[in-house]
Amino acid sequence: MIVVIVILNILSFGIFGYDKFLAKKHRRRISENMLLICTFFAGTIGAFVGMIIFRHKISKKSFLLKFGLVVSIQVILMYFLKNILKMIN
């Protein structure tokens, strides 16, 4: 499971880097929704590191709010999953 999460985070990191590359070349970009979907499916750390290293989407407040919402939803889902697993055991 850890290997899958690491791979997804590397992929998310790469997608943020590639989108920044496309932005610099003035080419068609990856949609914000796709970036957020990549973030949601276990790529949060990779996305965050990609945002910082590539300085990508860090000054766009609307994206940062959506990013924070995605992370909040992940935390809430993990909390409920943890409690459900606790009740099963």
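This is a predicted model: local features need pLDDT of at least 70, side-chain atom pairs count only at pLDDT 80 or more; totals for chains, interfaces and linings use all residues.

The questions below begin with the overall architecture and then turn to the helices and to individual residues.

Me: What percentage of the residues in the protein is buried?
Reply: The C-alpha atoms of the protein fill a box of roughly 55 × 30 × 20 Å along the principal axes. A residue counts as buried under 20% relative accessible area. Of the 89 residues in the protein, the buried share is 27%.

Me: What share of the contacts in the protein with a separation of 6 or more comes from residues 24 or more positions apart?
Reply: Contact here means heavy atoms within 4.5 Å. Among contacts with a separation of 6 or more, the share from residues 24 or more positions apart is 67%.

Me: What distance should the 23 residues of α1 span?
Reply: Helix α1 covers residues 2–24. The end C-alpha atoms of α1 are 33 Å apart, and this agrees with the expectation because, at 1.5 Å a residue, its 23 residues should span 33 Å.

Me: Which residue just after α1 takes a positive phi?
Reply: Helix α1 ends at residue 24, as its range is 2–24. Just after α1, a positive phi of about 55° is taken by H26.

Me: Is α1 roughly parallel or roughly antiparallel to α3?
Reply: Helix α1 and helix α3 (residues 44–53) pack at an angle of about 30°, with their axes 7 Å apart. Angles under 35 degrees count as roughly parallel. Therefore α1 is, relative to α3, roughly parallel.

Me: Which residues in α1 meet α3?
Reply: The crossing in which α1 passes α3 is right-handed. The residues of this contact divide into seven nonpolar, five polar and no charged. On the α3 side are T44, I45, G46, A47, V49, G50, M51 and I53, and on the α1 side are N9, S12, F13 and F16.

Me: Is α1 roughly parallel or roughly antiparallel to α2?
Reply: Helices α1 and α2 pack at an angle of about 160°, and their axes are 9 Å apart. Angles over 145 degrees count as roughly antiparallel. Therefore α1 is, relative to α2, roughly antiparallel.

Me: Which residues in α2 meet α1?
Reply: The crossing of α1 and α2 is left-handed. The residues in this contact comprise four nonpolar, two polar and one charged. From α1 come S12, I15, F16 and D19, and from α2 come L35, C38 and T39.

Me: Which helices are included in what covers the buried residues of α1?
Reply: The buried residues of α1 are N9, S12, I15, F16, G17, D19 and L22. Their cover includes α2 (32–40), α3 and α4 (61–88).

Me: Is G17 buried or exposed?
Reply: G17 lies in helix α1. Between the C-alpha atoms of G17 and R55 there are 9.2 Å in space, although the two are 38 residues apart in sequence. Because its relative accessibility is 13%, G17 counts as buried.

Me: Which residues does T44 touch, not counting those up to four places away in sequence?
Reply: T44 is placed in helix α3. T44 counts as buried because its relative accessibility is 17%. Leaving aside residues up to four places away in sequence, T44 touches N9, T39, F67, V71 and Q74.

Note on methods: Residues are numbered from 1 along each chain as its sequence is written. Side-chain values use heavy atoms; hydrogens and water are left out. Axes are lines fitted to C-alpha atoms, for helices over the stretch in contact, and angles run from 0 to 180 degrees between N-to-C directions. Helices (H or I, at least four residues) and strands (E, at least two) are DSSP runs, numbered from the N terminus. Angles under 35 degrees count as roughly parallel, over 145 as roughly antiparallel, 65 to 115 as roughly perpendicular and the rest as oblique. A crossing is left-handed if the near helix is turned anticlockwise from the far one by less than a right angle, and right-handed if clockwise. Ala, Val, Leu, Ile, Met, Phe, Trp, Tyr, Cys and Pro count as nonpolar, Asp, Glu, Lys and Arg as charged, and the others, Gly among them, as polar. Buried means under 20% relative accessible area, exposed over 50%, partly exposed in between (1.4 Å probe, protein chains only). The expected span of a helix is 1.5 Å times one less than its number of residues.
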